[in-house]
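User: I am new to this structure and would like to learn how to read it one feature at a time. Could you take me through it, giving the general idea before the case at hand?

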Amino acid sequence: MNSDDLGSFLRIAETMSLSAASRATGTPKSSLSRALFRLEREIGAKLFERGPHALRLTEAGRILLIHARRVVDDLNEATAALDGVTGQPRGVLKISAATTFAIGLVAPMLPHFLRDYPDLRVHLEAENRIVDLAREDVDVAIRIGAMADSDLIASKLGRIELWPCAGPACLLERGRPQTPQDLANHELLGWTDQPSIWRFTDNSKCEHRVSVNVRSVIPEPAVLQVVLESGGGVGRLPAFLAIPLIEQGRLVRLLPDYEAETVEVHAVYAAHRSLSSKVRVFIDALRAHMTG
């Protein structure tokens, strides 16, 4: 029984749709159909039945699913363990990151990374949701903020400063804040509608806390950036996103004499898998990129 065909069967069983499995894996539907046909021919039984809205596992499919998961997990762990011994990163590295951080953190380091590891291929998913690393066959995900308790292994990459920014037009109209408390004179934009605290530290290491009730909620920093550029108010952006816009004069960093709040960035991977060399070298390269 071919392990690649088993992997295709798993993806189909997890999504209950050839189309969804194709999108999740980047594999053509025709290839998944052929893999399914080969398995059914070898087993001598149908694995799925077509329902009105989705596929349904047959009894044979339910039995195979239990064993297929175990076989594929064992093969993945064996491959990861061998990679750790041989030290040769190869194959496909599947990465998940929120859109802004995929664009601003991961994408800029990929060309150099891929030149260093010619036997690696990267599949980067940029989407604003928390993926299930085990079920969706993702090798490593980038997570921002405090880590919740889970069965994932988290490797800290560094910290990102959140800079308060505004467009030049906004400052002409309302003036430039000189202290954190002056932010109350501006329309504040945030990533969430929950009341929050913006923290700043002055040169004397004294913390200033500003209670923030935002007028508009824009969860995606790359979208928030556009609103700020257009004079929509004051909002916080990750420093890596703000720096080029400030250098171009499209945004102004506010309160630069105060130390801005930071958030932690982690690379996470499933605890039940060994740390493969491809994941290890990616984490090392991204950490170096962030701190370099």
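**Reading the salt bridges and the core**

Analyst: Let us begin with a single side chain: Arg 174 has a relative accessible area of 38%, so it counts as partly exposed. Please keep in mind throughout that this is a predicted model.

User: With which residue does Arg 174 form a salt bridge, and how far apart are the closest N and O atoms?

Analyst: The partner of Arg 174 is Glu 187, and their closest N and O atoms are 3.5 Å apart. This pair links distant parts of the chain, since Arg 174 belongs to helix H6 (residues 168–174) while Glu 187 sits in the loop between H6 and strand S7 (188–190), 13 residues apart. Glu 187 is itself partly exposed, with a relative accessible area of 26%.

User: How many salt bridges does a search of the whole structure find?

Analyst: The search finds 16 salt bridges. Another of them joins Glu 261 to Arg 199, with the closest N and O atoms 3.6 Å apart. Glu 261 lies in the loop between S13 and S14 and Arg 199 in strand S8, so this pair ties together parts that are 62 residues apart in sequence. Arg 199 is partly exposed, at a relative accessible area of 29%. Salt bridges can also share partners, and in this way Lys 156, Arg 159 and Glu 264 are joined into one network.

User: Now for the sheets: in what order do the strands of the open sheet of three strands stand?

Analyst: The order is S9-S8-S13, and the pairing is antiparallel. Strand S9 (207–212) and strand S13 (259–260) are the edge strands, each pairing on one side only. Between strand S8 (residues 196–201) and S13 there are two bridges in the antiparallel sense, and within this pairing Thr 201 has Glu 259 in S13 as its bridge partner.

User: Is S5 largely enclosed or largely open, and why?

Analyst: Four of the five residues of S5 are buried, so this strand is largely enclosed by the rest of the structure.

User: What should I keep in mind when I turn to the nonpolar side chains?

Analyst: The general idea is that in soluble globular proteins nonpolar side chains tend to be buried together. Here the largest nonpolar core has 23 residues, of which Leu 93, Val 106, Phe 113, Ile 142 and Phe 282 touch the most other members. The elements that give two or more residues to this core are strand S3 (91–97), helix H5 (99–116), strand S5 (140–144), strand S6 (152–166), strand S14 (262–270) and helix H9 (277–291). Helix H5 gives the most, with seven residues. A second, separate core has 18 residues, including Leu 18, Ala 21, Leu 39 and Phe 48.

User: Which residues is Phe 282 in contact with, leaving aside its neighbours within four places in sequence?

Analyst: With those neighbours left aside, Phe 282 is in contact with Leu 93, Ile 95, Val 106, Met 109, Phe 113, Val 140 and Ile 142.

User: And which residues of helix H8 are buried?

Analyst: In helix H8 (residues 239–247), the buried residues are Ala 239, Leu 241, Ala 242 and Leu 245. They cover an arc of only 150° around the axis, which means that they are on the same side of H8. These buried residues pack against H5, S6, helix H7 (221–229) and strand S11 (234–238). Just after H8, Gly 249 takes a positive phi of about 80°.

How values were computed
Residues are numbered from 1 along each chain as its sequence is written. This is a predicted model: local features need pLDDT of at least 70, side-chain atom pairs count only at pLDDT 80 or more; totals for chains, interfaces and linings use all residues. Side-chain values use heavy atoms; hydrogens and water are left out. A nonpolar core is a set of buried Ala, Val, Leu, Ile, Met, Phe, Trp, Tyr and Cys residues joined through side-chain atoms within 4.5 Å. Buried means under 20% relative accessible area, exposed over 50%, partly exposed in between (1.4 Å probe, protein chains only). Contact means heavy atoms within 4.5 Å. Two strands pair if DSSP finds at least two bridges between them. The arc is that of the directions from the helix axis to the C-beta atoms. A salt bridge is a side-chain nitrogen of Lys or Arg within 4 Å of a carboxyl oxygen of Asp or Glu.
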